[in-house]
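Visitor: I have a model open and would like to learn how to read its features. Could you take me through it, beginning with a helix?

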Amino acid sequence: MRQLLVIFTFLGLTQATVQAQPAARPFDAETANSLQRLVEPEISPDGRWVVYGLRVADPARDKYQTDLWLAPTAAGGAPRRLTFTGDFGGKPRWVGAEGAAIAFLAARGSDDEKKKGAQLWRLSLAGGEAEQLTELKGGVEDYAVAPDGSRAVLVVQEEAPDPEKLAGWRRKTPLPIVIDGFHFKQDREGYLDGRRKHLQLLDLASRRLDVLTQGEFDEVAPAWSPDGRLLAFLSRRSPERDRTEATGLFVMPVEAGASARGLATLTTDSDARPAWSPDGRFIALPTGDEVKWSAYQQWRPGVFEVGGGAAQVLGADLDRGWQPQLAWAADGKALIGVVDEDRQSRLTRIGVADGQVQRLSGPGTAGQASVARDGSVAFLAGGWQQPAELHVLDAAGPRAVTAHHEGWRRDVALSRLREFATASADSTDVHGLLALPPEAVLPLPTVLLIHGGPNSQDAQELSTRSSLRERLVAAGYAVLLVNYRGSSGRGKAFQRAIFADWGRLEVQDLHAAVDWAVKQGIADPSRLGVGGWSYGGILTDALIAADTRFKAAVSGAGSGNQLSMFGTDQYAVQYEREMGLPWAQRERWLKVSAPFFKAERIRTPTLFLGGEKDFNVPISGSEQMYLALKTLGVPTQLVIYPGQFHGLSLPSYQRDWETRFIAWMDHYLKPQTQSATK
């Protein structure tokens with residue numbers, strides 16, 4: 001095949017492409033560690049300030065540190081750092097109608113104090129040190145501050161029994177874990193021992209704590225009514241509460257011993273929180289369809305009348321999913337949030353009365369919107385070559401109010417973007433993104449990098465999860481990012497096409513994208529690699545079992561034997577409703593487990609990796625595939641990250657997985673040059 005120097009106008013780049021600036025260095029491990037992440041922006045009630053977290057890697061201590069920052073919304077102001085300890089635990093909230101202070105969660109102090117978990121703190125904007133408001137054994141999981149700033153409702157988990165004080169035990173050895181629930185394990189949380197999460201009322205002046213809820217149910221996601229008299233929260237209270245994703249929306253007076261009243265039973269996101277309308281008459285909450293679609297929900301704004309009445313679900317004609325955070329416009333006539341569209345996400349407004357949709361941000365990615373009394377909106381926004389920064393939308397239009405990555409972007413070479421579309425084997429339209437080096441000679445060794453989920457998508461973003469993409473491009477690879485069927489951003493039918501039929505249509509779509517790249521003269525068909533993490537690892541296993549075209553593969557946190565995941569991972573509820581029980585639907589389970597049971601077809605050298613304590617996709621999934629290939633004489637290796645869950649939480653391990661990925665590809669796709677790993 002003849003070689004071509006890449007001329008990007010020839011390749012037909014879209015208008016969304018961002019031109020790269022002259023770069024001083026390639027995107028390497030050090031560059032990845034210096035990429036920062038803004039989180040949880042909250043605009044002040046008067047719209048003058050936005051508080052947010054800034055997360056940075058500390059390679060020397062091998063941990064991520066997050067501190068609170070404050071940015072003025074007025075033009076010309078500069079953000080300032082509020083904390084310097086790196087232990088911000090999340091959930092910043094403004095205290096009082098005028099926003100004179102900021103509350104947040106953090107685990108601080110001695111090692112013994114940190115073991116208690118995150119506590120509630122308050123920081124005055126007038127100056128001084130943060131003030132600790134709670135000292136609860138087990139910590140505070142979540143909270144909400146009353147509109148007048150005088151009280152806070154806390155979400156607190158029941159204390160675990162002390163082994164040394166338990167009659168008949170009285171020793172330091174941990175108690176045996178006794179399980180009698182259907183959903184009995186969860187990644188990061190471990191085995192679920194039945195301890196419930198309840199609401200407690202904290203007086204911020206006296207520090208007095210009153211119990212608001214107790215008993216056999218969990219109560220989470222509290223939200224105060226605008227007048228401070230009522231509390232909304234979520235609670236699963238059906239007899240089969242650990243066997244369904246359906247939850248209840250409740251309201252109750254903010255008084256000890258008060259009864260809660262159910263407003264609705266619905267499906268909603270685990271990160272969702274009720275949002276009260278400014279007049280206190282309605283509550284908005286992301287709402288899904290029946291529990292059958294739990295893994296493929298496309299959230300829409302639901303509006304529930306506090307006094308009773310039929311619920312209203314908005315956006316049926318949009319056929320796109322909303323992210324979990326919803327906020328009311330200041331006039332109460334609309335809801336504002338972020339909608340996931342094809343390869344991007346946009347700040348969006350939807351009218352409550354007429355359902356009219358208005359997009360408030362341009363191409364790229366947006367997220368995490370909050371609204372002030374004057375109607376100003378704070379949100380995060382970024383693009384393919386722009387890490388997300390804090391933006392504000394007001395009467396003057398949208399504008400960035402932070403520039404944390406300005407110097408970083410000037411110093412690093414970033415990939416060029418090309419959007420593409422192609423037809424799958426059954427003529428389904430498949431969309432994706434192609435990342436290319438700034439200058440390259442075609443065709444290139446090409447890596448199909450598969451996103452997880454599957455209910456997510458590859459989009460025009462540059463974030464900490466983009467570092468492998470950029471490091472591969474810096475190492476001389478073209479990188480294909482494909483939104484296969486099952487991905488979000490393309491509507492319900494596209495998202496639900498793989499229901500109970502994993503690994504078939506996705507494989508067709510992924511192959512179609514590779515075929516397109518080969519026909520375009522971009523991908524060298526003799527130097528194709530594939531890899532991914534989570535569902536991306538699962539699909540990597542499916543691809544190498546279905547075809548021998550890939551010369552190298554990396555499967556992170558994957559599984560080829562889905563049958564063995566029943567009872568060992570956290571998805572018991574989904575399996576029962578989607579797949580059916582293995583002994584009743586044996587052929588269906590064997591079909592989705594084909595990569596393991598047909599492992600003799602595999603010829604691709606494959607690297608398997610995963611976290612030792614992963615309950616999402618347990619490491620046994622990688623162990624089984626590794627041993628199958630080892631037995632068959634196919635080159636393979638298994639890497640286990642000690643103490644890690646489904647997502648790698650240490651900078652060293654994240655860089656290690658990226659470095660090993662590239663080295664594996666270099667070994668099998670660049671045998672003549674054996675290029676050094678970036």
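Guide: Gladly. Keep in mind that this is a predicted model. Let us begin with helix α4, residues 467-474: seven of its eight residues are buried, so the helix is largely enclosed by the rest of the structure.

Visitor: Which are the buried residues of α4?

Guide: Buried here means under 20% relative accessible area. In α4 that holds for Ser467, Leu468, Arg469, Glu470, Arg471, Leu472 and Val473.

Visitor: Let us turn to charged pairs. How many salt bridges does a search of the whole structure find?

Guide: The search gives 34. To read one, look at the distance between the side-chain nitrogen and the carboxyl oxygen, which has to be within 4 Å. Take arginine 195 and aspartate 193, whose side chains meet at 3.1 Å, N to O.

Visitor: What is the distance in the salt bridge of aspartate 394 with arginine 399?

Guide: The closest N and O atoms of that pair are 2.9 Å apart. Aspartate 394 has 24% relative accessibility and counts as partly exposed; arginine 399, with 23%, is partly exposed as well.

Visitor: How should I read a salt bridge inside a helix?

Guide: Start from the helix geometry. An α-helix has 3.6 residues a turn, so residues three or four places apart point the same way. Now look at α12, where arginine 660 and aspartate 656 lie four residues apart, about one turn of the helix. Their salt bridge brings the closest N and O atoms to 2.6 Å. Arginine 660 is partly exposed, with a relative accessible area of 34%, and aspartate 656 is partly exposed at 23%.

Visitor: Next, helix packing. At what angle do α6 and α7 pack?

Guide: For a helix pair, read the angle and the axis distance together. Helix α6 (residues 505-519) and helix α7 (residues 535-546) pack at about 80 degrees, with axes 10 Å apart. That angle makes α6 roughly perpendicular to α7.

Visitor: Which residues meet where α6 packs on α7?

Guide: From α6 come Glu506, Val507, Leu510 and His511, and from α7 come Tyr535, Leu539, Ala542, Leu543 and Ala546. By class, this contact holds seven nonpolar residues, one polar and one charged.

Visitor: Now the whole chain. How many helices and strands does the protein chain have?

Guide: The protein chain has twelve helices and 41 strands. Its radius of gyration is 25 Å, close to the 26 Å that the globule rule gives for 678 residues, so the chain is as compact as a globular protein of that length. The C-alpha trace spans about 75 × 65 × 50 Å along its principal axes.

Visitor: What share of the residues count as buried?

Guide: Of the 678 residues, 55% do. As for contacts between residues at least 6 apart in sequence, 57% join residues at least 24 apart.

Conventions. Residues are numbered from 1 along each chain as its sequence is written. This is a predicted model: local features need pLDDT of at least 70, side-chain atom pairs count only at pLDDT 80 or more; totals for chains, interfaces and linings use all residues. Side-chain values use heavy atoms; hydrogens and water are left out. Buried means under 20% relative accessible area, exposed over 50%, partly exposed in between (1.4 Å probe, protein chains only). Helices (H or I, at least four residues) and strands (E, at least two) are DSSP runs, numbered from the N terminus. Axes are lines fitted to C-alpha atoms, for helices over the stretch in contact, and angles run from 0 to 180 degrees between N-to-C directions. Angles under 35 degrees count as roughly parallel, over 145 as roughly antiparallel, 65 to 115 as roughly perpendicular and the rest as oblique. Contact means heavy atoms within 4.5 Å. Ala, Val, Leu, Ile, Met, Phe, Trp, Tyr, Cys and Pro count as nonpolar, Asp, Glu, Lys and Arg as charged, and the others, Gly among them, as polar. The radius of gyration is taken over C-alpha atoms; the globule rule is 2.2 Å times the number of residues to the power 0.38.
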